[in-house]
Amino acid sequence: MARQLEDCRKLAADRGWPIGDEYVDNDVSAYSGKPRREYARMLADLTSGARDAVIVYNLDRLHRRPVELEEFVTLCESSGVRDVATVTADIDLGNDDGLFMARIFAAFAAKESGRKSARVRRKLLQNAEQGLPHGSVRPFGYESDKITLRDAEAKVIREMVDRYLAGASIRSLTIWLNDAGIAPAVAKSWQTSAVRQILTSGRIAGLREHHGEVIGPATWTAIITPAERDRILARMATRALTKTRAPRTYLLSGMLRCGRCGNRLFSQARHSNPDNRVRRYVCLKGPDHGGCGRLTVVASPVEELLTDAVLTRLDSPQLAEALAGKSSVDADVAALATQLEADQARLDELAGLYAAGAVSAREWIAARDPITERIAQARRDIAHATDTSSVVDLAGCGEVLRGQWDDLDIDRQQAIIKSVLDHAVIAPGNPGSRSLDINRVQPAWRI
Ligand SMILES: [Zn+2]
């Protein structure tokens, strides 16, 4: 670096340019993404007209990305800077040939940094595979070595998880943390994003992540179990699902099944029958649908019938009874979580056997797949079981909801129906009939 500076001074002397200032960003490559304060100061001085020429050792010291070069060229043009000299190659940005060469250099430098960053990435991956911590910020719950637990904070995380799994929202957790005067690791106060990040992080479950994916056990102490983290993720996924669902025009989309073949019924796309404005649910044949294609039902009477049945059910003694036994849901979830944890342990064991060469890759995969499938199913079951909270709020409100039903938007209506109805089977009937034989509709209740 000192040598390069010396060369630049010599070039200035050769050309008879007085040195206005020297801008040196030590150890900050243009690629690193860290702010280059001196470079920024130089740009400001060029813009203001305080400097009218630039000497640089090599153009790649100036910019590593083509887009930065373009910005620099534009700046030179607009502020009348004509003289840009380099020690390694004489380039005049003021003419087309010079600019062309500069662009080639910039493109080459960008490729070179890309290669460098691949080396850095490989090193990071290696650290990740060994379960080593990374990052410059102390994670909440841990000392600055990122391995030792900071007990007071670990206890807070434990409580965050318990509260979240008991039904608290991210927002209410954030308010609680701020009200309780618990200091975050870096920021001044808690934000919902930080709370979400902690809850979903593999870190607190003793898992090392790389690019957002868990790649194995970490070297630090876990605060919660991987199974608990699975429950957190499942709960978050169900919440996200109910929030970002695409708008629907068919109330019972996805909830009806064909009484002939058992396949899901689809709402009939309007454009496929422009002459016929009657909305229908139909069984569709073909590779994307796979039904028998031999069942159709007119939409509105089924929707009215099932809405009525749902609202009646919400006020029914059966529902009250079912909810009274709701503690069994928690027991189910606990059992599923235990199973999930055991399966996860089996997977780890298998991976260990494979790593030790005790089983072949084929044996490993053959043994792994059914376990992975079971884990996925358990996650779905947990999500399903923990999603009954809304029915608790709705129970006994059937009559009230009936009064305002038409004012509710379709997402809300659907959420209410889904709180108690799993699906309904539509039995074959007279397809031409506009009135509905109520015996064709067989609801399967969730609760
Ligand atoms: Zn069918």
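Visitor: Which residue forms a salt bridge with Arg229, and how far apart are the closest N and O atoms?

Guide: Side chains of opposite charge can pair when their charged atoms come close. The cut-off here is a side-chain nitrogen of Lys or Arg within 4 Å of a carboxyl oxygen of Asp or Glu. Glu209 is the partner of Arg229, and the closest N and O atoms are 3.5 Å apart. The pair links distant parts of the chain, 20 residues apart: Glu209 is in strand S3 (residues 207-210) and Arg229 in helix H9 (residues 226-243). Helices (H or I, at least four residues) and strands (E, at least two) are DSSP runs, numbered from the N terminus.

Visitor: What should I know about the model and the numbering?

Guide: This is a predicted model, in which local features need pLDDT of at least 70 and side-chain atom pairs count only at pLDDT 80 or more, while totals for chains, interfaces and linings use all residues. Residues are numbered from 1 along each chain as its sequence is written, and side-chain values use heavy atoms, with hydrogens and water left out.

Visitor: Is Arg229 buried or exposed?

Guide: Buried means under 20% relative accessible area, exposed over 50%, and partly exposed in between (1.4 Å probe, protein chains only). Arg229 has 9% relative accessibility and counts as buried; Glu209, at 23%, counts as partly exposed.

Visitor: How many salt bridges does the structure hold?

Guide: There are 17 salt bridges. One of them joins Asp343 to Arg374, with the closest N and O atoms 2.7 Å apart. Asp343 lies in helix H12 (residues 327-355) and Arg374 in helix H13 (residues 361-385), so this pair ties together parts that are 31 residues apart in sequence. Asp343 is buried, at 0% relative accessible area, and Arg374 is partly exposed, at 37%.

Visitor: Which residues are linked with Arg9 in a network of salt bridges?

Guide: The network links Glu6, Arg9 and Glu22. Within it, the side chains of Glu22 and Arg9 meet at 2.6 Å, N to O. Glu22 is in the loop between helix H1 (2-15) and helix H2 (37-48) and Arg9 is in helix H1, so the pair ties together parts that are 13 residues apart in sequence.

Visitor: How many residues does the largest nonpolar core have?

Guide: A nonpolar core is a set of buried Ala, Val, Leu, Ile, Met, Phe, Trp, Tyr and Cys residues joined through side-chain atoms within 4.5 Å. The largest has 34 residues, and those with the most contacts inside it include Leu252, Leu265 and Ile416. Elements that each supply at least two residues include strand S5 (256-258), helix H10 (299-314) and helix H16 (410-420). H10 gives the most, with 6 residues. Apart from this core lies another, of 27 residues, among them Trp176 and Ile223.

Visitor: In what order do the strands of the open sheet stand?

Guide: Strands of a sheet pair through backbone hydrogen bonds, either parallel or antiparallel. Two strands pair if DSSP finds at least two bridges between them. Here 3 strands form an open sheet in the order S5-S9-S10, with mixed pairing. S5 and strand S10 (441-445) stand at the edges with a single partner strand each, so one side of each is left without a neighbour in the sheet. S9 and S10 run antiparallel and are joined by 5 bridges.

Visitor: Which strands does H10 touch?

Guide: Contact means heavy atoms within 4.5 Å. H10 packs on the sheet, touching S5, S9 and S10, and its direction makes about 35° with that of S10. H16 also packs on the sheet, touching S9 and S10, at about 90° to the direction of S9. Axes are lines fitted to C-alpha atoms, for helices over the stretch in contact, and angles run from 0 to 180 degrees between N-to-C directions.
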